[in-house]
Amino acid sequence: MVMNQMVNTVHLTKDYKKNRGIFDMNLQIKQGEVVGIVGKNGAGKTTTMRTLMGFIHPTDGYSEIRGLNSWSQASKTKRMIGYVPGEIAFPDTKSGETFLNNQLKLLRASKDTYVNDLIQRFKIDLTADIKRMSKGMKQKTALVCAFMTKAPLLLLDEPTTGLDPVMRDAFIDLVLKVKANGTTVFLSSHMFNELERTCDRILFLKDGKVIDVVDQNKFETIHSFQKVKIQTSTSEGFQKILTSFSETSHVNSENHEITVLISNTKVATLLVLLQDIEIDDISFDTQTLDNYFEKELQVK
Ligand SMILES: Nc1ncnc2c1ncn2[C@@H]1O[C@H](COP(=O)(O)OP(=O)(O)OP(=O)(O)O)[C@@H](O)[C@H]1O
């Protein structure tokens, strides 16, 4: 086993047939890393998480948590994991407080300053009736439960679903705090912003296969491109831009609108070209992770 390896998957496959499931996933996550997984609905994010949790028996390959098989040694691996499931269903307890206390009892832990900090951070109303909790309140309670395990590995399946922007920020702060303490986090999300602020690496999943990995270097490369939206007065000007810049993400010849993707180093070249073209409108936006993946999805 590689030193400090927290998660290891080898040819991990769960084949639900008809191209559904996850296929040949080879993933290594070291202790202290924060890794994200994105993909459209049905891409296989939850299947990946549930397989790592030992809830799903792989069709092929295997996964390990700190060198222990997450299916055959699930009783041991689960003790190393704090988990937020994609769909939260709480047991039939009265208040949030009773529920959290029961969880603490299971963990043989006490309500220490860390747990109190979590409760305050997510502004949990402990007196709230668990059945009547809003989606966001349930999500926050599930987050507190996962983090209070103080487990070395957190598996968080769409952890910020239903959270308002302030609570999403509180979540990001918390992930960065536990990361600084050496906790490993694997999270799925549809929110590129939170992934970018927390992750060392982001895996892009399509039809159950990892088709791209964005690490810190690639983040920088992505941000070194500009999306330039131009509207020209004449079709000649529009054609001139179209022939000079091959990478376009949007073209509307009727309105003479074109969006080109260029690296920062090419901006000067574009400006020189534009000197001879009559422009109605122009805007520059740094390429985001969102734009990048949108493009990847069209290409792959
Ligand atoms: N028990 C099952 N039996 C058959 N097919 C399944 C089963 N569980 C999941 N699938 C299929 O596997 C694919 C991956 O599902 P999964 O829930 O992992 O996707 P996801 O990326 O988490 O999607 P979302 O963003 O909607 O949560 C989907 O096509 C889904 O319908």
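Modeller: The protein contains 11 helices and 14 strands. The model is a predicted one, in which local features need pLDDT of at least 70 and side-chain atom pairs count only at pLDDT 80 or more, whereas totals for chains, interfaces and linings use all residues. Residues are numbered from 1 along each chain as its sequence is written.

Colleague: What makes a stretch of residues count as a helix or a strand?

Modeller: Each is a DSSP run, numbered from the N terminus: a helix is a run of H or I with at least four residues, and a strand is a run of E with at least two. The C-alpha atoms of the protein fill a box of roughly 75 × 45 × 35 Å along the principal axes.

Colleague: Where do the bounds of domain 1 and domain 2 lie, and what do they come from?

Modeller: The domain assignment gives domain 1 as 5–207 and domain 2 as 221–298; such bounds come from an automatic or database domain assignment. The centres of the two domains, taken over C-alpha atoms, are separated by 40 Å.

Colleague: What makes two residues of domain 1 and domain 2 count as being in contact, and how many residues are involved?

Modeller: A contact requires that the C-beta atoms, placed from the backbone, lie within 7 Å. By that criterion, four residues of domain 1 are in contact with five residues of domain 2. The side of domain 1 that touches domain 2 has three nonpolar, no polar and one charged residues. In these classes, Ala, Val, Leu, Ile, Met, Phe, Trp, Tyr, Cys and Pro are nonpolar, Asp, Glu, Lys and Arg are charged, and the others, Gly among them, are polar.

Colleague: What places a residue in the shell around the ligand, and which residues surround the ligand?

Modeller: A residue is near a molecule if its C-beta atom, placed from the backbone, lies within 6 Å of it. The residues surrounding the ligand include Tyr 16, Arg 20, Asn 41, Lys 45, Thr 46 and Thr 47. By class, the shell comprises two nonpolar, eight polar and two charged residues. Helix α1 (residues 45–52) gives the most to this shell, with three residues.

Colleague: How do you know that the span of helix α6 agrees with its number of residues?

Modeller: The expected span is 1.5 Å times one less than the number of residues. The 16 residues of helix α6 (residues 165–180) should therefore span 22 Å, and the end C-alpha atoms are 23 Å apart, which agrees.

Colleague: Which residues of α6 are buried, and what makes a residue buried or exposed?

Modeller: A residue is buried if 20 or more other C-beta atoms lie within 10 Å of its own, exposed if 12 or fewer do, and partly exposed in between, with C-beta atoms placed from the backbone. In α6, the buried residues are Phe 171, Leu 174, Val 175 and Val 178. They cover an arc of only 100° around the axis, which puts them on the same side of α6; the arc is that of the directions from the helix axis to the C-beta atoms. The face turned away from that side carries the exposed residues Pro 165, Val 166 and Ala 180. The buried residues of α6 pack against several elements, including β3 (34–38) and α4 (113–121).

Colleague: Why do the buried residues of α3 line one face of the helix?

Modeller: In helix α3 (residues 96–106), Gly 96, Phe 99 and Leu 100 are buried. Seen down the axis, these residues fall within an arc of 95°, so they line one face. Asn 102 and Lys 105 are exposed on the face turned away from the buried side.

Colleague: How do Glu 158 and Ser 134 stand against the cut-offs?

Modeller: Glu 158 has 19 C-beta neighbours inside 10 Å and is therefore partly exposed. Phi of Glu 158 is also positive, near 45°. Ser 134 has 10 such neighbours and so counts as exposed; it is found in the loop between α4 and α5.
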